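Open the structure in your viewer and keep the selection tool ready. The tour goes from stop to stop.

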Amino acid sequence: MRVPRKTGNSKLVKKLNKGEVLQQVIQHGQISRADISKETMLSRPCVSALVEEMIQEGLLHEVGMGDSKGGRKPILLEYNYQAYAIAGVIFEGTTLDMAIADLKGEFLARYRKRLALPSNGETVIEDLAAGLEQLLEESGIERERLLGVGVGLQGVTQRGSGTVSFSPSTGWMGSPIQQTIEERLGLPVIIDNDVNMMTLGEYVRGAGVGHSNVVYMYVGTGIGAGIILDGQFYRGSREAAGEIGFMMIGPVHNRPNDASGVFETNYSTSGILQQAKGFLSDLQEGSSVIEELSRLARQNNADAERLLDDVYRHWAYGMANIVSVLNPELLILSGEMVHVDEEGVKRIHDWLSEWVPEVPSLEKASLGERAGLIGAVHCVLEAFPFSRLLDKE
């Protein structure tokens, strides 16, 4: 005599079957019920019942007729990428950048705000919550349709525990920041280092597409790197890999406090501006210090020429250190480094050719300020592939 399945097991089997159906639709783009049955080995009545449920739930929709294989033309199904949405957030220095995207990762609305300084963790979270409300209103997305939020933060983040072990600018060190944000927003949250989010964005949508061993080097208010080896993020034993701003490059005695590393103290944008304050005091907010130095150098300004050469050389020292240890196939230049002209990139490449045995390709980041948000959205898509969608029923 056949023993009936327990209710819990029936629900689990149904969810697994729906996951199989959904995966086939996403994988093929457009597919008929009959072809889903062939691919999944599920019976046609079972597939039809599951498909009807998912159409009612908004996950699938019918998009027209396919080619006939001898009988009636089949009705094709397509994944509804607008069924739910994802939010991405990047907190980088003085700026909060946010977006809501569909399940394809396409932005539906974007929000950007300059933060009051000095910033602290509590005010940043309130700014984040206010920005999310504005995005929901602008996009017309209901909060219940948000699957989760990816948040990129400065400092050393522990994704597993949801904490930040080093973030002097916010005071979050050791605090359960992921839980705090989740409680404030009422949504699942994934945290990661902001440069890691930028790296992921360039890896899946930008200059890193098609490469397996990539280092993304970022120069902004700090200096950091994201590392992908054999197609996987390398984070280190305590998830502090890539904190290259702490390389011992440049004068050690210039450090104003323990919050910044030697390299970024001297050669981040703020470090460069400090060195240029005698002849570059009127730089407009939002302007590129490298572009301005290059402009002055073309006018034969000796101070600008000297500083520009010094910056490029010391950035190249950092690259040589990275290359000699990790041997990446591609080094992506981002942040302030995207403003280095062709001659500057060639100088850096020539120095690397002198200093290390294998020089990777040097490419500028292609996604601009969108890289971090794309990475933040993608990390949620990776973390909540089907289970979160199917739990919405």
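Select K104 and Y81. The charged end of K104 sits over the ring of Y81, 4.9 Å from the ring centre. This is a predicted model. Now pick R235 and F233. Here the charged end of R235 sits over the F233 ring, 4.7 Å from its centre.

Next come the ring pairs. The whole structure holds 5 aromatic pairs. Show Y312 and W315. Their ring centres are 6.2 Å apart and their planes meet at 35°, so this pair is tilted. Both residues belong to helix α10 (residues 302-326), 3 residues apart, about one turn of the helix. Y312 has 0% relative accessibility, so it counts as buried. W315 also has 0% and is buried.

Move to W351 and W355. This aromatic pair is stacked, with 6.2 Å centre to centre and 0° between the planes. The two lie in helix α11 (residues 342-355), and because they are 4 residues apart, about one helical turn separates them. Buried or partly exposed: which is W355? At 30% relative accessibility, W355 counts as partly exposed, while W351, at 9%, counts as buried. Ring pairs link Y317, W351 and W355 into a cluster.

Last stop: helix α12, residues 370-383. At 1.5 Å a residue, its 14 residues should span 20 Å, and the end C-alpha atoms are 20 Å apart, which agrees. Colour its buried residues, among them L373, I374, V377 and V380. What covers them? Show β4 (85-92), β5 (95-101) and α6 (194-205), which are among the elements covering the buried residues of α12.

Definitions and conventions:
Residues numbered from 1 in each chain as written. Predicted model: local features only at pLDDT ≥ 70, side-chain atom pairs only at ≥ 80, totals over all residues. Heavy atoms only, no water. Expected span 1.5 Å × (residues − 1). Buried < 20%, exposed > 50% of the residue type's maximum accessible area, 1.4 Å probe, protein only. Contact = heavy atoms within 4.5 Å. Phe/Tyr/Trp six-rings, centres within 6.5 Å; stacked < 30°, edge-to-face > 60°. Lys NZ or Arg CZ within 6 Å of the ring centre and 35° of its normal.
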